[in-house]
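Biologist: I would like to learn how to read a model of this kind. Please take one feature at a time.

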Amino acid sequence: MAQVKEQRTVTPETRHGLPPLPYDFAALEPYIDAQTMQIHHGKHHQAYITNLTNALNKHPELLDKGIDDLLRGINSIPDDIRTAVRNNGGGHHNHSLFWTIMAPAGKGGGGEPTGKLADAIRRTFGEFAKFKEQLSNAAITQFGSGWGWLTVANGKLEIGGRPNQDSPLMDGKVPILGVDVWEHAYYLKYQNRRPEYLTAWWNVVNWEEVARRYAAAL
Ligand code: MN
């Protein structure tokens, strides 16, 4: 009997697709401008997905893996595509998170966290203002392109900067809040003024989503 070829129900196109923004391009104005959002989401994020898919096509057995698994297992990705998966898979995951942890100011965005996340932040960093300062500093002092992260590891919150599109998942940590400090994230509106972008960004942080991610990470 002839062997039936495996039917793939998950295609690379559907497996790693561009998630729609959960709000309009202009929804985060005046803190993040519509043009930046449009280019960032439609061009930059899409490019990470396209490049990730192109890399995975060289090793079709990896096409069915979810993005979290690919990043957690980055060290076992074949040599010839590891860097591409690191950069583009990381870029895909980081941006997918980034869109969800923001919301229009005053409509889910800004303010302070409540509940268990607020307690954990206070326990770990002291007052909320101190936490903000620490995460801002991690992002502002990240040399070159990268991200500032709030992660959960072994039930504990940690703050740290990471270069390029490296994901905390690559070190076994779960990212729950991240701020993109690549110039493409702020240059149109803020030019070289990264600290000003950071100050503005806090107005659009979606604490409900961060709290949901915190609970899921525990
Ligand atoms: Mn970006």
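Modeller: Begin with strands: helices (H or I, at least four residues) and strands (E, at least two) are DSSP runs, numbered from the N terminus. Two strands pair if DSSP finds at least two bridges between them. This is a predicted model, where local features need pLDDT of at least 70, side-chain atom pairs count only at pLDDT 80 or more, and totals for chains, interfaces and linings use all residues. Residues are numbered from 1 along each chain as its sequence is written, and side-chain values use heavy atoms, with hydrogens and water left out.

Biologist: Which strands form a hairpin, and how many residues lie between them?

Modeller: Strand 1 and strand 2 do, with 2 residues between them. Asn154 in the turn has a positive phi of about 50°. The two strands, residues 146-153 and 156-163, run antiparallel and are joined by 8 bridges. Gly146 lies opposite Pro163 of strand 2. Strand 1 also pairs with strand 3, again antiparallel, over 6 bridges; there Trp149 has Gly178 as its bridge partner.

Biologist: Why is strand 1 largely enclosed by the rest of the structure?

Modeller: Buried means under 20% relative accessible area, exposed over 50%, partly exposed in between (1.4 Å probe, protein chains only). Strand 1 is largely enclosed because 8 of its 8 residues are buried.

Biologist: Which residues coordinate the manganese ion?

Modeller: Donors are N, O and S atoms within 2.8 Å of the metal (3.2 Å for Na, K and Ca); water is not among the atoms, so sites may look incomplete. Here they come from His40 (NE2), His95 (NE2), Asp180 (OD) and His184 (NE2), at 2.0 to 2.1 Å. His95 in helix 4 and Asp180 in strand 3 are 85 residues apart. His95 is buried at 0% relative accessible area, and Asp180 is buried at 0% too.
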